[in-house]
Amino acid sequence: MQADPTAELPQSQRDRLKHIELRLRFLGEVRRPDLMQRFGIQSAAASRDLALYKELAPENVDYESRGKRYLLGAGFSPLFAVPSAQVLGWLTEQLGDATAPSSEALLPCLMPSRLSYPRLDTLACITRAIHMGQVLSIDYHSVSSGESSREIVPFALLDTGLRWHVRAFDRKSQTFRDFVLTRISKPTPKLGDEAARHELPEQDVQWTRIVELDLVPHPDQPHPEVTHMDYDMPDGVLRLKLRAALAGYALRKWSVDCSPGHSLRGPEYRLWLKDHLALYGVETAVLAPGYPSSKAEAQ
């Protein structure tokens, strides 16, 4: 096993080097101000950390003098092993970049494990493309249509609670779609190819549209006062505002009965969507439990 070249360094400096590597690998760039803001250090200290990282892993980083930034090197090989869950936590909430993977909870706390995580090299290519506004060429493996080659313009990660997706404009279908990260292979940036205006996220109606949903205790379940306590509903209504692109996923994850006549049965349906017409025109409504004419459509 190759010796860890950072093992003898102070933990605080290892944390900063790890942050440099995360930004390089998953965002494609790192600058001195990134370290200064994240760790509260001065410019000279940030410069020393960046110089040390380049000394330890010269193939991992290139310096661009014009932009005064450090870019991902062509021969990148990570110094730090980072679990997928930690990377996704850092990307979505800026948490975990300086936390050891073996750190234990302060109190006993159990939660179900996620069954699937994207491959880190695939995730890194996609997140760099999002950060830098790149177009990607990918192979995509669909349950309904098998493998196909596509060009996508990715702009956001989306966690459905079951799987991670990337929201992107799909040049093949000429629509905005969600792509399951674990079904993407061979992602390759199309350097010099810029997104057209109609491919930008502000043109994604399902992404920009905000739907307002009123959830109430399921009328056919006993003890609605317990549901009030579970969801902090002092006035008996849980009011949510969600992106249309996320709404169906969220309602499925929370087991919300979206049928007009609250017709779904089962102890999991503690909530009911008071007005199913609030989902009119929402493409992900096909995933909402009990929503009229919903079908289980695999992408």
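Which strands does helix α8 lie across? In this predicted model, helix α8 spans residues 244–253 and lies across β9, β10 and β11. Its direction makes an angle of about 130° with β10.

Those strands belong to an open sheet. Four strands build it, in the order β10-β9-β12-β11. The pairing is mixed. At the edges sit β10 (238–243) and β11 (256–257), each pairing on one side only. Inside the order, β9 (residues 210–217) pairs with β12 (residues 271–273). That pairing is antiparallel and uses three bridges. Here Leu215 stands opposite Leu273 of β12. Strands of a sheet pair through backbone hydrogen bonds, in either a parallel or an antiparallel sense.

Now turn to Thr160. This residue sits in the loop that links β5 (146–159) to β6 (164–170). Thr160 has a relative accessible area of 4%, so it counts as buried, the cut-off being under 20%. Its side chain makes polar contacts with the backbone. One reaches the backbone nitrogen of Leu162 at 3.3 Å. Another pairs a polar side-chain atom of Thr160 with the backbone oxygen of Arg163, 3.1 Å away. Leaving aside residues up to four places away in sequence, Thr160 touches His165, Tyr249 and Lys253.

Strands β2 (residues 61–64) and β3 (residues 69–72) run antiparallel and are joined by four bridges. Glu64 has Arg69 of β3 as its bridge partner. Four residues separate the two strands of the hairpin. In the turn, Lys68 has a positive phi of about 50°.

Methods
Residues numbered from 1 in each chain as written. Predicted model: local features only at pLDDT ≥ 70, side-chain atom pairs only at ≥ 80, totals over all residues. Heavy atoms only, no water. Buried < 20%, exposed > 50% of the residue type's maximum accessible area, 1.4 Å probe, protein only. Polar contact = N/O pair within 3.5 Å; in protein donor to acceptor, adjacent residues only side chain to side chain. Contact = heavy atoms within 4.5 Å. Pairing = 2+ DSSP bridges. Axes fitted to C-alpha atoms, helices over the stretch in contact; angles between N-to-C directions.
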